[in-house]
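Come and look along with me as I jot down what I find.

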Amino acid sequence: MNQQFELFDIDNPCIGVCQSNKKGYCFGCLRSRAERQRWHDMTTEQRREVLRLVNGRRQRIEQMRQRKNEQLGFDFEEEFEMGELF
């Protein structure tokens, strides 16, 4: 099996927030506890996989935020007459 030579190391995605939710995912970098603890021992390929998972988590969070905004989608710029509200 051929191994690809890596010219650049993959940087740690930590942004210094370092607080976790109930499931153990960091609010800052979106990695699990295990992913954060093992980062320095991971191979480049394993780190790439973690970053792929983080990207998917970030996309799901953004989709949930968009759905929530659509559900709450009040247009505060729109003016209503009192008769329209009741």
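I start with a definition: contact means heavy atoms within 4.5 Å. In the protein chain, of the contacts with a separation of 6 or more, 37% are made by residues 24 or more positions apart.

A note on the source: this is a predicted model, where local features need pLDDT of at least 70 and side-chain atom pairs count only at pLDDT 80 or more, while totals for chains, interfaces and linings use all residues. Residues are numbered from 1 along each chain as its sequence is written, and side-chain values use heavy atoms, with hydrogens and water left out.

Next I looked up the elements. I found 3 helices and 0 strands in the protein chain, in the order α-α-α from the N terminus. Helices are DSSP runs of H or I with at least four residues, and strands are runs of E with at least two.

Then I turned to helix α2. This helix covers residues 44–72, 29 residues in total. Its span from first to last C-alpha is 42 Å, close to the 42 Å expected at 1.5 Å a residue; the expected span is 1.5 Å times one less than the number of residues.

What is buried in α2? I listed R47, V50, V54, G56 and R57, where buried means under 20% relative accessible area with a 1.4 Å probe, protein chains only. These buried residues pack against α1 (33–38). Over the 86 residues of the protein chain, 19% are buried.

Last, I checked I10. Beyond its neighbours within four places in sequence, I10 touches W39, T44, R47, R48 and L51.

How values were computed
Buried means under 20% relative accessible area, exposed over 50%, partly exposed in between (1.4 Å probe, protein chains only).
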